Every structure is written in structure tokens, then in C-alpha cells.
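Please consider the following protein chain in its sequence and its three-dimensional form. The paragraphs below lead from the overall fold to individual residues and then to the pockets.

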Amino acid sequence: MAVKEPITGFAVAVVREDGQWRCSPLDAAALAELDAAITELGKMRSPGAVFGLLAVDDEFFVIVRPSPRGASLLLSDAAAALDYDIAADVLDLLRVDPPDEDDDSVWPEGDLDVLADLGLPGAELQVIVGEVDLYPDEQLQMIAQRCGFGDQFAALLDEI
């Protein structure tokens with residue numbers, strides 16, 4: 001199941017404090033290990049929102065939002081769990097079985113309302129996830145725009 005080639009993409013921490021958005025890169029290990037992403041995000045203490053946006057190999061994205069009761073997660077394509085450990089870890093934490101290898105459908109798993117309190121209701125997030133012709137970074141840019149941190153997100157992506 002493990003992908004042997006290096007995983008490409010990016011992992012970004014998003015923090016909202018005092019009405020201001022801040023985006024910063026997460027360690028590259030966050031792309032390969034869900035626990036690494038959750039741990040790193042959990043260390044970012046903030047009275048406001050803290051979550052991570054992970055784009056993996058131009059294939060799928062993961063939204064990770066830690067909380068005291070456990071992480072809220074959204075995996076944009078459940079079938080990614082067949083090829084990527086981090087996607088399999090998301091399904092494992094969600095207690096969802098991976099799809100059948102013969103199923104080539106694309107569907108999300110997890111909490112579509114993960115960003116609802118930040119202005120992105122689950123129904124709108126479902127539409128963005130359903131845009132299968134877009135790359136994950138483009139989908140995440142749409143999410144960032146809708147939540148109000150599009151400029152900060154784009155500026156960080158230009159740097160990394």
C-alpha cells in the first residue's frame with residue numbers, strides 16, 4: 001500500500017487570530033503521516049481556528065482540524081486510500097472501510113462541515129470536492145477564497 005516514491009505537494013497550517021488569517025508551511029512529514037500533521041497542528045495554540053490543508057501528489061487533499069475531542073477530517077477522494085498511507089490513515093481514523101479496488105468513483109469521506117463555522121457550509125464544500133477536473137491545489141484555493149484567506153494562501157504557495 002505504501003507509495004515508495006517521494007510524495008509531492010504541500011501542507012499548510014491556517015490560523016485565525018484576532019480576526020486575521022495567517023498561513024504557514026507544515027513540515028513535509030505531514031504529507032506522509034496523518035499523525036505528524038495532527039501533532040504539528042495541535043502544537044499551534046490559538047483561541048481562533050486552526051486547521052491544515054494538505055495537497056498530495058496532485059491527486060487529492062485532506063483537511064485536518066484538531067480539537068480537544070479529536071481531529072475533524074475530510075479526505076477529498078476515498079479511493080486515494082488504496083495508494084497512499086495518509087489517505088488510509090484518514091479512513092482508519094474515521095472508521096470507514098477503503099473502497100473496492102475495482103471502484104473508480106471519486107467521493108469524499110469525513111466531515112463536509114469541517115469549515116462551516118468559517119463560512120464554508122458542507123453543501124458548498126461538496127461542490128468544490130466534486131470539481132474533479134481541478135487539481136487539489138486549485139480546490140484548496142477555492143476553499144481559501146470562500147473562507148476569506150485566499151490572498152494569504154496564494155502568497156504562501158508562491159513562496160513554497
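The account begins with the chain as a whole.

The model is predicted, so that local features need pLDDT of at least 70 and side-chain atom pairs count only at pLDDT 80 or more, while totals for chains, interfaces and linings use all residues. Residues are numbered from 1 along each chain as its sequence is written, and side-chain values use heavy atoms, with hydrogens and water left out.

The protein chain holds 5 helices and 6 strands, where helices (H or I, at least four residues) and strands (E, at least two) are DSSP runs numbered from the N terminus. Read from the N terminus, the order of elements is β-β-α-β-β-β-α-β-α-α-α. The radius of gyration is 15 Å, close to the 15 Å of the globule rule for 160 residues, so the chain is as compact as a globular protein of that length; this radius is taken over C-alpha atoms, and the rule is 2.2 Å times the number of residues to the power 0.38. Along its principal axes, the C-alpha trace spans about 45 × 35 × 30 Å. Of the 160 residues, 41% are buried, a class defined by under 20% relative accessible area, with exposed meaning over 50% and partly exposed lying in between (1.4 Å probe, protein chains only). Among contacts (heavy atoms within 4.5 Å) between residues at least 6 apart in sequence, 56% join residues at least 24 apart.

Helix α2 (residues 85-94) has Ile86, Ala87, Ala88, Val90 and Leu91 as its buried residues. These buried residues pack against α1 (34-42), β3, β4, β5 (72-75) and β6 (109-110). Just after α2, Arg95 takes a positive phi of about 60 degrees.

Most residues other than glycine have a negative phi. Asp18, in the loop between β1 (9-17) and β2 (20-25), has a positive phi near 50 degrees. Asp57, in the loop between β3 (50-56) and β4 (60-65), likewise has a positive phi, of about 50 degrees. Asp18 is exposed, at 78% relative accessible area, whereas Asp57 counts as buried because its relative accessibility is 17%.

Gln139 belongs to helix α4 (residues 136-147). What is the relative accessibility of Gln139, and is this residue buried or exposed? The value is 6%, and Gln139 therefore counts as buried. Leaving aside residues up to four places away in sequence, Gln139 touches Phe61, Ile128, Val129, Glu131 and Leu134. The side chain of Gln139 also reaches the backbone oxygen of Glu131 at 3.3 Å. Gln139 and Ser76 lie 63 residues apart in sequence, with their C-alpha atoms 9.7 Å apart in space.

The largest pocket has a volume of about 290 Å³. Its lining comprises 16 residues, of which Asp58, Glu59, Phe60, Asp77 and Val106 are the closest to its centre. A pocket here is an open set of points on a 1 Å grid over the protein atoms alone, where a 1.4 Å probe fits, with protein on both sides within 12 Å along at least five of seven lines; lining residues have an atom within 4 Å of a point. Grid points are joined across faces, edges and corners, and a volume is the space filled by probe spheres set on the points. By class, this lining has 10 nonpolar, 2 polar and 4 charged residues; Ala, Val, Leu, Ile, Met, Phe, Trp, Tyr, Cys and Pro count as nonpolar, Asp, Glu, Lys and Arg as charged, and the others, Gly among them, as polar. The second largest pocket contains about 160 Å³ of space, and its lining residues include Leu41, Met44, Arg45 and Pro66.

Key. Polar contact = N/O pair within 3.5 Å; in protein donor to acceptor, adjacent residues only side chain to side chain.
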